[in-house]
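Visitor: I'm new here, and I'd like to know where the labels come from. Could you take me through a few?

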Amino acid sequence: MADKARAAPGKQRRVQPAGDLPPRDQLQAQYQGHCARWEEALLNLHRQIRGLLEGNGCNATLKYRVKRFENYYEKLHRAERLEANGATAAICDLLGLRIICPFLEDIEAVERLLTANFPVIEVEHKGAQHSFREFGYDSVHLLVRLDPRQARINLPATRNVCEIQLRTTLQDAWAEVEHELVYKSPSALPKESVKRKLAALNAILTLSDLMFQEIRDFQKEIRKRDEQRRTALGELLHLPGILCLPQSGGVLDGEPALPLATSAGAAGGRLEKAMLAALDAHSRGELDLAESLYGQILEMKLDPKIRALVYNHRGMARFVAGRYREALQDFSQSLRFADDNARALVNRGLCNRLLGRLPQSLKDFEDALALAPANLDGYWGRAQTCYEMGLLGRALADCEKALSLQADFAPARNLAQAIRRNLL
């Protein structure tokens, strides 16, 4: 939104003038007489908004407050001076609610949710007035009309609204510190150099917000490409459940997301591009290309966790290509750099089973389940290995455990039925 403020069509600013103010004691008594109802209305609005955000998967921190009488009275006198000079003054933040989000994209999402679900009568983008050379206070302010049946604000110079501020965590930190240093200071800032330092700090925080958003966008793209790759793997294998990878927030179940903080500068950029290219080729079933790209990545200087992840990915590409011994070597290398990776253990257990190394396969699955006791793939893999070893009772127990984790897991249900027929 390019303009500084947007008011809903047909909505007028209805403000009780600040002029001819009642005595302070009378105003304070009026404030105290209504404050409890305002707090109740604000708490109700807070609950509604929190429920809306949680229901839409928004991770945000909410704060709310009724402006103290002393602060209101001080602002009222400023409004009175403005009116004396012919300007229109309105106090819109007697009731205030702040929503603090981790990322810039969350601000846009929350703004859309609020405008779609509440009577928002005005939106102001506080940072929109800055030129590209300027940095200053950034925030989105929305005015939500209050239901007069729940609470009515009828103090001089006020509007019957609640002001909602949307900020990122960094924007909120800046606003709090700036408020203490500038607005609460007993005197003007002594030097122009101090103002320049504050502007520079705000520029750093603004750029940090942008960089955090870029990192988040990259992680989303990695997850998208990896989901495509996993879907393609399942179609190629035609083995339901063997490589069933439940979502867990990382690149693969049991593996961390790519830790970008360990790959700074140009090297980090090369790694990101190479990973995206490799995952893209893998998802399209171009296994030779994917294997080559994974190999190029492994020639880079990598954090051990990233190296383990890449070995595991290359092992899966080799596995799908039917090169089980090479895949086995990659899974073992992955475990060499991260021996707590349950996913690599499951993959190696599968390779060992297909190579006829049943005792080694059984140990891999047992080690994987020791690390991740709720691992569906671990139980399913061990069930198949036990079945091939003739350990039918253990295989049946593992099938039942897998079904307890996912009741509609057809491969485990079918194997359990076959075992029961053999045991009759």
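Visitor: What makes strands S5 and S6 a pair?
Guide: Keep in mind that this is a predicted model. Two strands pair if there are at least two bridges between them. Strand S5 (residues 140–145) is joined to S6 by 6 bridges, so the two count as a pair, and they run antiparallel. One example is Leu142, whose bridge partner in S6 is Ile164.

Visitor: Which way does S3 run with S6, parallel or antiparallel?
Guide: Parallel: strand S3 (residues 95–101) pairs with S6 in that sense, over 7 bridges. Here Gly96 has Glu163 of S6 as its bridge partner.

Visitor: Why is S6 called largely enclosed?
Guide: A residue is buried when under 20% of its relative accessible area is left. In strand S6 (residues 161–168), 8 of the 8 residues are buried, so the rest of the structure largely encloses the strand. Val161, Glu163, Gln165 and Arg167 point one way, Cys162, Ile164, Leu166 and Thr168 the other, and all are buried.

Visitor: Which residues make the contact?
Guide: Among them are Phe331 and Leu335 of H9 and Leu345 and Arg348 of H10. By class, the contact has 9 nonpolar, 4 polar and 1 charged residues.

Notes. Residues numbered from 1 in each chain as written. Predicted model: local features only at pLDDT ≥ 70, side-chain atom pairs only at ≥ 80, totals over all residues. Heavy atoms only, no water. Buried < 20%, exposed > 50% of the residue type's maximum accessible area, 1.4 Å probe, protein only. Helix = DSSP H or I, 4+ residues; strand = E, 2+ residues; numbered from the N terminus. Contact = heavy atoms within 4.5 Å. Nonpolar A, V, L, I, M, F, W, Y, C, P; charged D, E, K, R; others polar.
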